[in-house]
Amino acid sequence: MNAAEEAYRRPRQESALLYERARRVIPGGVSHTVRYYPPYPAFMERAQGGRIWDVDGNSYLDLWLGHYTHILGHAPDCILEPLRQALGRGLNWGHANEHAVELAELICELVPSARMARFCCSGTEATMFAARLARGFTRRRMILKVRGSWHGPSSDLAVAITFPFEEPESTGIPPETQQFTATLPFNETEETLKIIDRHAADLAAVILDPIVGASGFLPPQRGYLEAVRQATQACGALLIFDEIITGFRVGLGGAQGVFGVLPDLTTLGKIAGGGMPIGVVCGRADIMEASTPILQARKQTPLLIGGGTFSSNHLSMLSGLAMLRHLRRHADTFYPRLAAAGERLRRGIEWAMAESGIVAQCTGYGSLVGVNFPRVYDVTLDTPWKVHAMTSNAAYGDELRLRLMEHGVFAVHGGGALCTEHGDSDLEAIIEAYRLAGREMVEAGLSVARPR
Ligand SMILES: Cc1ncc(COP(=O)(O)O)c(C=O)c1O
């Protein structure tokens, strides 16, 4: 056991006991792979504002925020209040309800390319259904996605997420299932266009998150999204923006609002549900209409997206509505303030790590912050390939996480997201935690990232 692990274990005895219990009944003790980290995860019991507390009473400034969902911080009154009232009217009704109509209307008002929307229960379902919808609508088979991007673990899209991108991401998926999914290099326009061209005749859609979340929140270079938009249009394929992280986070209109490129379909999740489970497929009316259940009623083969016992349950709809209404009301001040805080954190972490003797390069956009440890001098980390192949992120991730937790910060993949409840003193505390964690890593003899 190394020093970081030892220091981690001492104040987390309740979590250790819970982990032992959990492992007997839940494989690996968790139900989402990303929630496991060695030696065992801290089990959480309470969250408020920008903080979360574990069962041992340790408190953390939370950069994870429920997988980047809680942009207003944990448990905001503007969402809890309508939910409390709604609980008195029952749980999942399993019926059409007015709140779903209102949320669809609001999404169509705010997301520039959305004319119609359909709800499901998770982002994974939304991207899976968007791929199905694209194939059904175009009557073509190929889906292209970005190497190093995560759209959830559905069999079609769990391709080339981790480096080396050529290896399968999971057993249990027959290669035939993924034979109609291929990959593109993000931010490499020429190569991307060649691949689109190669598949043009059978290309149903390109799906991408315009700021690649899984590889350190990498924004698109100027012209990249425009080129993909033009190439897909030219060959009759659809463009799907996966805005499950970026939707309502980088601006009220998501990344498509910021970068001014409109996709045919958009997937949303996380913030769109205000903290309750949700997935959304939205986009052009002619495409969305292809999924109407009315076909089924007429005994025609439907384009089956949706289903789901809990889809459009009134609690998720109400909490999404409360979130989006709040964001709409405060957008003018809210997004610039969050973006400034994100920039301050990116530069502050780089500076604090440098003081400790570690070269860190922060990627990200707005309130999304990626922290990377380049192994190569003078590299600009602007593609998932560079982030995976030219950094020591994988080697330092676990150690950094444990040491940050010791200093009261919870980060996943080295960084995370900010919420409106993170004030100036919280930003200072987060930067100081990185400085201390960095210094300890150097003192522990970790061969830290230094330029060659
Ligand atoms: C870009 C992106 N797409 C899809 C998903 C899957 O969403 P969910 O975890 O709600 O199934 C995620 C989850 O983190 C995501 O970041």
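Two residues are taken to be in contact if their C-beta atoms, placed from the backbone, lie within 7 Å. On this basis, of the contacts in the protein between residues at least 6 apart in sequence, 72% join residues at least 24 apart. The model is predicted: local features need pLDDT of at least 70, side-chain atom pairs count only at pLDDT 80 or more, and totals for chains, interfaces and linings use all residues. Residues are numbered from 1 along each chain as its sequence is written.

The protein contains 15 helices and 14 strands, defined as DSSP runs (helices H or I, at least four residues; strands E, at least two) numbered from the N terminus. Its radius of gyration, taken over C-alpha atoms, is 22 Å, close to the 22 Å that the globule rule (2.2 Å times the number of residues to the power 0.38) gives for 452 residues, so the protein is as compact as a globular protein of that length. The C-alpha trace spans about 70 × 55 × 50 Å along the principal axes.

An open sheet of mixed pairing is formed by seven strands in the order 4-10-9-8-7-5-6, where two strands pair if DSSP finds at least two bridges between them. Strand 4 (116-120) and strand 6 (181-184) stand at the edges with a single partner strand each, so one side of each is left without a neighbour in the sheet. Within the sheet, strand 8 (residues 238-242) pairs with strand 9 (residues 265-268) in the parallel sense over three bridges, and Ile240 stands opposite Leu265 in strand 9.
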